[in-house]
Amino acid sequence: MNRVLACAVVLASLPVLAGPVRKPPTAAYPGDALNAFAEAVLADKRGDLDTAKRRYLDSNRLSPQAHTFYNLADVYRRMEQPEHAVEALAKYLELAPAAADRTQVEKLVAQLSREATVVIDGDDFDGVILVDGKLVGPSPAVLQLPAGTYLTDRISPTSFESRIVTLRAPRAEHVKLAGSNKQTGNVVLAGNRGHLITAWDHDGASLRIPGRLQLAPGRHTLTPTRACAPIVIDVPREPAAVAYVFVDVKATETGCFPISTKLQTLRLGARP
């Protein structure tokens, strides 16, 4: 199974969750709390976050320590439980008021408090994720985003699914664009944020935003119903390439819809 082979444009990346950050135990740890702490670190290193969380909690019950709360917060962060991470970091600062990294940790608490964690994935192979028209990368994607409303798209060689999601902080959201919406074609029309442009025809194909269709390679001028301007698409000639068109629609009660578009070419991996 191949992943995304290339993207024809370079986009500003969205913030992806960082890897693990751990602090060592100090001389203040009694033996039983130290043993639980060490087992938590080993479990964390082998990717067993459930056991790591449990053993850090055990260590804290035996002897509450600032570094244990710090490591526990990082486990919560990677388990997509930012609200618990904020609580643990607050306890770290309470137990270590003169910590050298206090300013950094306070900034992290502020970030986690205003941002949401979102996991975007699906069931079919070789999907790519876009958020508000920006390419994130291969599916699954784990992101931290400011609280707000976003348009999420997932495209694979055999499917396209789009959904508007509202994120609240500090909370985690799982967005599953499952790939059950089987659509193939070399053009994806995305965007819209729920503003309806009535379906229209082009070269015998019925178009809708959001939607996916097959067009012949070359330049096409699409004229959506009630749009103030046409959509111009350069459809790639490569077999695995998809023209992704992000359409920003400004809804009005009367007259035409003002629109703007951004075009990028995605080259998707293919199932063997």
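This note walks through the main features of the model, point by point.

1. **Basis.** The model is predicted; local features need pLDDT of at least 70, side-chain atom pairs count only at pLDDT 80 or more, and totals for chains, interfaces and linings use all residues. Residues are numbered from 1 along each chain as its sequence is written, and side-chain values use heavy atoms, with hydrogens and water left out.

2. **Overall make-up.** The chain holds five helices and 16 strands. Helices (H or I, at least four residues) and strands (E, at least two) are DSSP runs, numbered from the N terminus. The chain has 272 residues, and 47% of them count as buried. Buried means under 20% relative accessible area, exposed means over 50%, and partly exposed lies in between (1.4 Å probe, protein chains only). Take the contacts between residues at least 6 apart in sequence: 58% join residues at least 24 apart. A contact means heavy atoms within 4.5 Å.

3. **Helix α2 and S59.** S59 sits in helix α2, residues 49-62. Is S59 buried or exposed? S59 counts as buried, at 0% relative accessibility. Neighbours within four places in sequence are set aside here; beyond them, S59 is in contact with Y29, A33, A36, F37 and T68.

4. **Helix α3.** This helix has 13 residues. From its first C-alpha to its last, α3 reaches 19 Å, close to the 18 Å expected at 1.5 Å a residue. The expected span of a helix is 1.5 Å times one less than its number of residues. In α3, 13 of the 13 residues are buried, so the helix is largely enclosed by the rest of the structure. E80 follows α3 and has a positive phi, near 60°.

5. **Helix α4.** Residues 82-95 form α4, which has 14 residues. Its reach from first C-alpha to last is 20 Å, close to the 20 Å expected at 1.5 Å a residue. Which residues of α4 are buried? They are P82, A85, V86, A88, L89, Y92 and L93.

6. **Strand β15 and its partners.** Strand β15 covers residues 241-249; eight of its nine residues are buried, so the strand is largely enclosed by the rest of the structure. β15 pairs with strand β9 (residues 187-191) in the parallel sense, over five bridges. Two strands pair if DSSP finds at least two bridges between them. On this side, Y244 in β15 stands opposite V188. β15 also pairs with strand β16 (residues 259-267), in the antiparallel sense and over nine bridges. Here V247 has T261 of β16 as its bridge partner. As a general point, side chains in a regular strand alternate between the two faces of the sheet.

7. **The cavity.** How many cavities of 30 Å³ or more does a search of the whole structure find? It finds one. A cavity is a set of points, on a 1 Å grid over the protein atoms alone, where a 1.4 Å probe fits but cannot get out; lining residues have an atom within 4 Å of a point. The largest cavity holds about 40 Å³ of space. Grid points are joined across faces, edges and corners, and a volume is the space filled by probe spheres set on the points. The lining consists of A116, T166, L167, R168, R171, A172 and E173. Two or more lining residues come from each of β7 (159-167) and β8. By class, the lining has three nonpolar, one polar and three charged residues. Ala, Val, Leu, Ile, Met, Phe, Trp, Tyr, Cys and Pro count as nonpolar, Asp, Glu, Lys and Arg as charged, and the others, Gly among them, as polar.

8. **Cis peptide bonds.** A169 and P170 are joined by a cis peptide bond, with omega about -10°. P170 lies in the loop between β7 and β8. The bond from I209 to P210 is cis as well, with omega near 0°. P210 belongs to the loop between β11 (205-207) and β12 (211-213).

9. **Positive phi at two Asp residues.** D126 is not a glycine, yet its phi is positive, about 60°. D126 lies in the loop between β2 and β3 (128-131). D126 is buried, with a relative accessible area of 3%. D132 also has a positive phi, near 50°. Its place is the loop between β3 and β4 (134-138). D132 counts as partly exposed, at 24% relative accessibility.

Methods
On a 1 Å grid over the protein atoms alone, a cavity is a set of points where a 1.4 Å probe fits but cannot get out, and a pocket is an open set with protein on both sides within 12 Å along at least five of seven lines; lining residues have an atom within 4 Å of a point.
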